[in-house]
Amino acid sequence: MTVPTGQCCAPIAREPLAEDTAAELAVMLKAVADPVRLRLLSMIGSHAGGEACVCDLTDAFDLTAPTISHHLKVLRTAGLIDGERRGTWVYYRIIPEAVNRLGALFTPLTEPALGPVPQPAAGRTELDLLPA
C-alpha cells in the first residue's frame, strides 16, 4: 500500500529545498553537529526555568571557559540560542522557533483522520490489505 509522498514524508523528502533555505538550515545543522554544542543546547533547553547561566554550563565539560564561550557563540550566531547579561553572568535560552524548525525538517507529517498505515501480517502481501 503506497501513501502519497506529500502526506507521509518529512519536509526534506517532499520537495527540494530552496537554495536560501538550505543555506540557513545548514548553518543550524553545522552548529549542532558538534557534540559539545549539542550537549550545551540540550542542557540549556532542559534547565529549570528554560534558561541556564554560563556558570551552570562550564562545570559539565573538561574545557576552558573561552572554549565554552566559543561554542555558545556558534549556537547564538546560528540563531538557536539567545543570551542576556545579568551582572557578570550571561543567561542563555533556546529560541524555540529555530529548534522547532530543525526538528520539523525531519519529522514526517501525520494524518490523524487516516490513522496508522496497516501493515501486512506475516506471509501476506500489501495487496491483501486492499478492499475487495
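A helix here is a DSSP run of type H or I with at least four residues, and helices are numbered from the N terminus. Keep that in mind when selecting Ala26, which is found in helix H3. The model on the screen is a predicted one.

**The whole chain**

Start with everything shown as a cartoon. The protein chain has 7 helices and 3 strands. Followed from the N terminus, the elements run α-α-α-α-β-α-α-β-β-α. Now switch to a surface view. The protein chain exposes about 8800 Å², and carbon and sulfur atoms supply 59% of that area. Of the 132 residues in the protein chain, 22% are buried. Among contacts with a separation of 6 or more, 59% are between residues 24 or more positions apart.

**Stop 1**

Return to Ala26 in helix H3. Is Ala26 buried, partly exposed or exposed? Its relative accessible area is 28%, so Ala26 is partly exposed. Next, select Leu102 and draw a distance between the two C-alpha atoms. The C-alpha atoms of Ala26 and Leu102 are separated by 9.8 Å, although the residues are 76 apart along the chain.

**Stop 1: helices H3 and H7**

Select residues 19-32 for H3 and residues 96-106 for H7. Their axes come within 11 Å and cross at roughly 105°. Angles of 65 to 115 degrees count as roughly perpendicular, so H3 is roughly perpendicular to H7. Show the side chains where the two helices meet. From H3 the residues are Thr21, Glu24, Leu25, Met28, Leu29 and Val32, and from H7 they are Ala98, Arg101, Leu102, Leu105 and Phe106. Sorted by class, this contact has 8 nonpolar, 1 polar and 2 charged residues.

**Stop 2: the two sides of H7**

Stay on H7 and look along the axis. Which residues of H7 are buried? They are Ala98, Leu102 and Leu105. The face of H7 turned away from its buried side carries the exposed residues Glu97 and Asn100.

**Stop 3: helices H4 and H6**

Select residues 35-46 for H4 and residues 65-77 for H6. The axes of H4 and H6 come within 10 Å and cross at roughly 75°. That angle makes H4 roughly perpendicular to H6. In H4, the residues that meet H6 are Val36, Arg37, Leu40, Leu41 and Ile44. On the H6 side, they are Ile68, His70, His71, Leu72, Val74 and Leu75. By class, the contact of H4 with H6 has 8 nonpolar, 2 polar and 1 charged residues.

**Stop 4: His71**

Zoom in on His71 in helix H6. Why does His71 count as buried? Its relative accessible area is 9%, and buried means under 20%. Which residues are in contact with His71, leaving aside its neighbours within four places in sequence? They are Asp34, Val36, Arg37 and Leu40.

**Stop 5: Arg14 and Pro108**

Finish with residues 11-14, which form helix H2 and include Arg14. Arg14 counts as partly exposed, at 34% relative accessibility. Arg14 and Pro108 are 94 residues apart in sequence, and their C-alpha atoms are 9.6 Å apart in space.

Terms used:
Residues are numbered from 1 along each chain as its sequence is written. This is a predicted model: local features need pLDDT of at least 70, side-chain atom pairs count only at pLDDT 80 or more; totals for chains, interfaces and linings use all residues. Side-chain values use heavy atoms; hydrogens and water are left out. Axes are lines fitted to C-alpha atoms, for helices over the stretch in contact, and angles run from 0 to 180 degrees between N-to-C directions. Angles under 35 degrees count as roughly parallel, over 145 as roughly antiparallel, 65 to 115 as roughly perpendicular and the rest as oblique. Contact means heavy atoms within 4.5 Å. Ala, Val, Leu, Ile, Met, Phe, Trp, Tyr, Cys and Pro count as nonpolar, Asp, Glu, Lys and Arg as charged, and the others, Gly among them, as polar. Buried means under 20% relative accessible area, exposed over 50%, partly exposed in between (1.4 Å probe, protein chains only). Accessible areas come from the Shrake-Rupley method with a 1.4 Å probe; for residues, only the protein chains shown count as cover.
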